[in-house]
Amino acid sequence: MATIKDIAKKCRVSTSTVSKALNGYRDIGAEKREEIKKAAVELGYLPPDGRRAIKSKKTYNIGVLFSTLFDYGLRNEYFAHILASFKEKAALKGYDITFIEHNMGKRRMSYLEHCRYRNFDGVFIVCADFAQTQVIELVNSPYPVVTVDQVSNEAISILSDNYDGMKQLTQYIIDCGHKRIAYIHGNISSVTHNRLVGFHNAMKENGLTIPEEYLVEGIYRNSEACEELAKELLKLPVPPTCIIAPDDYAALGVMNGIRKLGFKVPEDISVAGYDGISVSQAIEPRLTTVKQDTDKIGSEAAKQLISLIESPMTTSLDSVCLGVELIEGGTVKKIIDWKA
């Protein structure tokens with residue numbers, strides 16, 4: 001870890017000059033002050049107390065953690081809408097946002113170290129691996145934290161009703177006459193768990209069994225992987241009549257897989273998705289899906305986090321559960337023959 005002495009040596013000044021420059025004293029020339037600050041960043045300097053050298057106790061800056069294994073990143077419509085809504089709501093309250101990264105100059109930092117360096121007022125975790133040590137450390141830190149779809153006793157979580165959404169969707173498919181329903185679910189998480197429970201309960205309440213091979217683990221927002229899984233499902237001795245994908249992007253892959261095997265949607269095989277992104281309603285036929293209110297998720301997250309920052313003693317760490325909407329598209333065919 002770089003020290004004040006390292007910065008002083010690089011800039012050929014005294015340690016007291018470095019200290020004054022980093023703490024905003026005006027008796028250091030602007031050019032030299034900027035040179036010292038630049039050197040501090042390049043060397044990865046972090047003050048011993050973990051805080052950035054600024055005078056204002058409140059920075060009006062919120063850290064945003066968006067760490068995802070998916071290649072889509074910020075191009076993903078679901079997360080892009082949440083972030084845009086969050087930023088707009090935060091801006092109205094005078095807050096700016098900065099993405100939390102691992103690198104500061106040449107120094108690699110933990111998420112918490114980065115937050116301390118930037119001296120954020122609070123943290124919004126949009127997407128992350130909550131089993132990762134660094135994420136757990138951040139959630140359990142003194143920072144006010146709001147998460148999406150991840151419950152924690154140390155943070156406020158903004159949730160969509162994944163249980164009810166999947167239960168509604170499954171019931172709709174059953175009401176259309178389907179009995180052989182396969183579910184390609186996403187990676188194991190609290191979101192996936194709640195959706196699986198909703199799926200199981202809807203099937204159980206209607207007296208329907210779920211063959212083991214009809215439950216397949218896929219990857220959220222990965223159309224290629226789900227395309228291959230759909231092909232495997234259709235090659236079973238008794239294939240499903242309807243396939244539920246983990247999300248709308250994945251559903252597009254499922255539909256591609258069905259068509260590549262020479263079948264039609266929904267004439268031969270029905271398909272359903274989850275999320276309600278715009279592209280799902282632009283295709284023909286429109287995708288049957290469950291719409292999550294991404295704009296509401298983002299704005300509610302900003303509202304709750306700013307309240308936690310400004311009024312910590314009167315803001316409880318309760319989860320906020322938002323409703324979802326079933327969209328009856330044309331990709332689920334109504335089956336009249338009871339033998340189907």
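## Basis

The model is predicted, so local features need pLDDT of at least 70 and side-chain atom pairs count only at pLDDT 80 or more, while totals for chains, interfaces and linings use all residues. Residues are numbered from 1 along each chain as its sequence is written, and side-chain values use heavy atoms, with hydrogens and water left out.

## Salt bridges

The structure holds 9 salt bridges, a salt bridge being a side-chain nitrogen of Lys or Arg within 4 Å of a carboxyl oxygen of Asp or Glu. One of them joins E227 to K260, with the closest N and O atoms 2.8 Å apart. This pair links distant parts of the chain, since E227 is in helix α9 (residues 223–234) and K260 in helix α10 (residues 248–260), 33 residues apart. Helices (H or I, at least four residues) and strands (E, at least two) are DSSP runs, numbered from the N terminus. E227 is buried at a relative accessible area of 9%, whereas K260 is exposed at 58%. Here buried means under 20% relative accessible area, exposed over 50%, and partly exposed in between (1.4 Å probe, protein chains only).

A salt bridge also joins E228 and K231, whose closest N and O atoms are 3.4 Å apart. The two residues are 3 apart in helix α9, and therefore separated by about one helical turn. E228 is partly exposed, at 40% relative accessibility; K231 is buried, at 16%. E227, E228, K231 and K260 are linked in a network of salt bridges.

In helix α11 (residues 294–310), E300 and K296 are 4 residues apart, again separated by about one helical turn. They form a salt bridge with closest N and O atoms 3.8 Å apart. E300 is buried, with a relative accessible area of 8%, and K296 is partly exposed, at 37%.

## Helix α9

Helix α9 has 12 residues, which at 1.5 Å a residue should span 16 Å; the end C-alpha atoms are 16 Å apart, in agreement. The expected span is 1.5 Å times one less than the number of residues. At the N-terminal end, N222 caps α9 through a side-chain oxygen 3.3 Å from the backbone nitrogen of E224.

The buried residues of α9 are S223, C226, E227, L229, A230, K231, L233 and L234. Their cover includes β8 (181–185), β9 (215–217), β10 (242–244) and α10.

N61 is in strand β1 (residues 61–66) and counts as buried, at 14% relative accessibility. Apart from residues up to four places away in sequence, N61 touches Y95, D96, I97, T98, F120, D121 and G122, where contact means heavy atoms within 4.5 Å. The side chains of N61 and T98 are joined by a polar contact of 3.1 Å. A polar contact is a pair of N or O atoms within 3.5 Å; within protein, one must be able to donate a hydrogen and the other to accept it, and residues adjacent in sequence count only if both atoms are side-chain atoms. N61 and A90 are 29 residues apart in sequence and 9.4 Å apart in space, C-alpha to C-alpha.

Q171 lies in helix α7 (residues 162–175) and is partly exposed, with a relative accessible area of 25%. Neighbours within four places in sequence aside, Q171 is in contact with A202 and N206. The C-alpha atoms of Q171 and M203 are 7.7 Å apart, at a sequence separation of 32 residues.

## Aromatic rings

The structure holds 5 aromatic pairs. Rings of Phe, Tyr and Trp (its six-membered ring) pair if their centres lie within 6.5 Å; planes under 30 degrees apart count as stacked, over 60 as edge-to-face and the rest as tilted. Among the pairs, F66 and F79 have ring centres 5.2 Å apart and planes at 70 degrees, so they are edge-to-face. The pair links distant parts of the chain, with F66 in strand β1 and F79 in helix α4 (residues 77–92), 13 residues apart. Both F66 and F79 are buried. The rings of Y78 and F79 are also edge-to-face, because their planes are at 75 degrees, with centres 5.1 Å apart. Y78 and F79 are both buried, and ring pairs link F66, Y78 and F79 into a cluster.

The charged end of R195 sits over the ring of Y274, 3.7 Å from its centre. The criterion is NZ of Lys or CZ of Arg within 6 Å of the ring centre and within 35 degrees of the ring normal.
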